[in-house]
Amino acid sequence: MRSTDMSWDEQTRADASRLWAGGAATALVAAGVALIGVMVLHKILHAPILSPGGLRQAADYAMFAFPVSAAILTLLATGLLHLLMSTTPQASQFFTWIASLFMVLVVLQVFLHDTDLLTQMETAAFYLLIGIAIITSLLGVSRSAVRHHRHQAYRDDHADGYANPYADRSGYRQEPWR
């Protein structure tokens, strides 16, 4: 049998259960990163954190709000990744661009409010760290959540569409052990 006698059509599909399990794990990681970031900024550096609306957040509220928000944002990003993996080629590349642009918008909005530059820089670094954790983790999840399915199609002149792998071009049957 020659390599030209059959072709392999490879399809890739997102394994939804692996993708969402990885998304849930990433949500826990993002919440942990946010919680540690709030603790470092508030408890160690005594620095305020700006909310996306530009308000300074109290430590108790920030220790709840930012981890929960990071987890919810991660689950939304997982939904976007699942949609892209189901509909577009090079889904991880498009996801990286979309998520990175969103992250840049969140970081840049910190600088639109009237507050001191140090607070803006600290908050921007905090948001950037959470965004990087989410994007890189979900990219790893997307690579492991892809399933490859191969379909073999025989190309032969038979009416039923199936080729005899032991027949040569002259039509004579050759035994496999010869």
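This is a predicted model: local features need pLDDT of at least 70, side-chain atom pairs count only at pLDDT 80 or more; totals for chains, interfaces and linings use all residues.
Reader: Where does Ser144 sit?
Author: Ser144 lies in helix 4. Helices here are DSSP runs of H or I with at least four residues, strands are E runs of at least two, and both are numbered from the N terminus.

Reader: Is Ser144 buried, exposed or partly exposed?
Author: Ser144 has 33% relative accessibility, so Ser144 counts as partly exposed. Buried is under 20% relative accessible area, exposed over 50%, partly exposed in between, with a 1.4 Å probe and protein chains only.

Reader: OK, helices. How do helix 1 and helix 4 pack?
Author: Helix 1 (residues 16–44) and helix 4 (residues 117–144) pack at about 160 degrees, axes 9 Å apart. Helix 1 is therefore roughly antiparallel to helix 4. That label needs an angle over 145 degrees; under 35 is roughly parallel, 65 to 115 roughly perpendicular, the rest oblique. Axes are lines fitted to C-alpha atoms, for helices over the stretch in contact, and angles run from 0 to 180 degrees between N-to-C directions.

Reader: Which residues of helix 1 and helix 4 make the contact?
Author: Among them are Gly22, Gly23, Ala30 and Val33 of helix 1, and Phe126, Ile130, Ala133 and Ser144 of helix 4. Contact means heavy atoms within 4.5 Å.

Reader: And by class?
Author: The contact of helix 1 with helix 4 has 13 nonpolar, six polar and two charged residues. Ala, Val, Leu, Ile, Met, Phe, Trp, Tyr, Cys and Pro count as nonpolar, Asp, Glu, Lys and Arg as charged, and the others, Gly among them, as polar.

Reader: What about helix 2 against helix 4?
Author: The axes of helix 2 (residues 59–87) and helix 4 come within 10 Å and cross at roughly 35 degrees.

Reader: Zoom out. What pattern does the chain follow?
Author: β-α-β-β-α-α-α-β along the sequence. That comes to four helices and four strands.

Reader: How much of the chain is buried?
Author: 32% of its 178 residues.

Notes: Residues are numbered from 1 along each chain as its sequence is written. Side-chain values use heavy atoms; hydrogens and water are left out.
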